[in-house]
Amino acid sequence: MKTLRTLTLAVALSATLSACSDFLTYEPKGTISGDQLNTPENIEGLVVAAYAALGNDHWEVPYTSLWPYGNVRAGDAYKGGGGIGDQVAYNNMEQFVYLTPSEGKVDNLWYRLYIGISRANDALRRLNEISEAEFPAKTVRQAEMRFIRGHFYFLLKILFNRVPWIDETVPVEEYETISNIALSSDELWEKIAADFRFAAENLPPVQPEKGRVNKYAATAYLAKVQLYRAYPQDENHRVIGVDPAKLEEVVQLTDQVIGSGLYELTADFAENFLWETEENSEVVFAIKMSVNDGTPTGRVDMGNGLNYNMAYGCCWFHIPSQNLINAFKTDENGLPQFETYNQTSLVDSLDYWTNNIDPRLDHTVGIVGHPFKYDPNFIFQPGWARAPQVYGMHSSMKEVQHPSCPCLRAVGPFWASSKDVVVIRYADVLLWKAEALIELGRHMEALPIINKIRQRAANSTGRLKYADGSPVANYYIQPYPASLWTQEYARRALRWERRLELALEGHRFFDLVRWGIAAETLNEYFAVEKTRREYLQNARFTAGRDEYLPIPEAQIAFSKGLYRQNPGY
């Protein structure tokens, strides 16, 4: 990690436990006994190892970046690559109908997330056994580990829904007796919330070392958990109401983050997506990356390693959908085209001048003829697309870096950067508060919050210019007027704003599921996209099944049939 000590021995040892019954009881060769690890120095090493697990993913199974699960499954992106058979598991996720419980990438994802939980649990076991006198940082480190465990369980919850809860108090011999349905959905949410509550109550507002989580990162994450809980689901994933008490708590928690004075929207939207401005006022929780750290390639963002276009990297995955691109059009008043945005498409260069454009489009999408990554001398070319006949001509841009960036490293044929991966940024926190206010009937209080984000977008055109200083497109975006701001309109605007502000950052699919509108939204999307993309002809979202990934068949086998499969698989 960039700013935390790395103890190689501790990292290796921390992988000896995990929360899946097939490998939890495995005793690797060359391990050290547990008692030998119960020293302040070694416990600190186990804490660092748990932090390391946050970013230990790979392009084969990303989890720092949720692009296959949060964007491709949401209709905001096509899988991309060389064709539908390239990383075919992601094609199956995109089209839904082909995804089965035997998919190896789904099993690997489950495994890797439980490895992260295992590391946090291992550190917590040691921390629980040592005294404050021996290790003065004990409580803070416990809070850090519970934050990390909460993070991994949050990912498991939104990906799989029902998963086994195993914490540091559970003896190894009991792991195989714990079902993924031992807890109700809300009981599992409460376990996750409890980890973030403990972290928020025991972490300092500011940490002395960069990379360690603080009080407000935990408070924000707790707000996110409670927002998800505010839309309870039945056994078939249908949203059955909205919980006002949870929404009130979201408002209170986000107010704590806002009131801390530590965070603010960056002046330019671009600053969130550039390595040189990565440590900015909008970062609430980020996973640290590094280069020049004594390792061959550095600790780089391999989760996005497939997503560089063919101009200088490989392999052109995560391609913005035409539907998403069209959503950035604005009307004559600078407002979203809620009803008509997808009737015509932004395709030709003139389309970006005959239509009004939300500037966030050119921060998000690589477009032929437009500067790529804010470089007016690096114009996106048609040849940068790998399979345009399948997926069109665009490229994702937020997660990749300019080829001249010192942060880039070649890893085989792939490229990866040391740009930190932001999990929670301040704009997201503001939108959580606005959403809770709208659902509580306090929508007028949400209006200035959302307009603040739109105003930042309007101000973020300074980098969107050609070499002669002329603008790249006809940018025009205006705040929402109070005269339109009914609760129904506000709800629609909030959901639209989340899509554009957070586009291709991994949130969209999970938003659709928690709002209970995934089936209608995605089947409407497929109905039109099938006329644009031949490969989507069989795509279909099945309500009551496709809201979550299947419980991996291999994990059900390892549990000797104890785990229950998700509905529909």
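## Helix packing in a predicted model

Helix α17 (residues 487-501) packs against helix α18 (residues 508-515) at an angle of about 160°, their axes lying 10 Å apart. This angle makes α17 roughly antiparallel to α18 (a term for angles over 145 degrees). Their crossing is right-handed. Contact, meaning heavy atoms within 4.5 Å, is made by Leu-494, Arg-495, Arg-498 and Arg-499 of α17 with Arg-508, Asp-511, Arg-514 and Trp-515 of α18. By class, two of these residues are nonpolar, none polar and six charged.

The model is predicted, with local features requiring pLDDT of at least 70 and side-chain atom pairs counting only at pLDDT 80 or more, whereas totals for chains, interfaces and linings use all residues. Residues are numbered from 1 along each chain as its sequence is written, and side-chain values use heavy atoms, leaving out hydrogens and water.

A second pair consists of helix α7 (residues 138-160) and helix α8 (residues 185-202). These helices are likewise described as roughly antiparallel to each other, and α7 and α8 cross in a left-handed manner. The contact of α7 with α8 has 13 nonpolar, six polar and four charged residues.

| Helix pair | Angle | Axis distance |
|---|---|---|
| α17 and α18 | about 160° | 10 Å |
| α7 and α8 | about 150° | 8 Å |

Helix α10 (residues 244-259) has 16 residues, which should span 22 Å at 1.5 Å a residue; the end C-alpha atoms are 22 Å apart, in agreement. The expected span is 1.5 Å times one less than the number of residues. Buried residues (under 20% relative accessible area, 1.4 Å probe, protein chains only) of α10 are Lys-246, Leu-247, Val-250, Val-251, Leu-253, Thr-254 and Val-257. Among the elements covering the buried residues of α10 are α9 (215-229) and α15 (426-439).

Terms used: Axes fitted to C-alpha atoms, helices over the stretch in contact; angles between N-to-C directions. Helix = DSSP H or I, 4+ residues; strand = E, 2+ residues; numbered from the N terminus. Parallel < 35°, antiparallel > 145°, perpendicular 65-115°, else oblique. Left-handed = near helix turned anticlockwise from the far one by under 90°. Nonpolar A, V, L, I, M, F, W, Y, C, P; charged D, E, K, R; others polar. Buried < 20%, exposed > 50% of the residue type's maximum accessible area, 1.4 Å probe, protein only.
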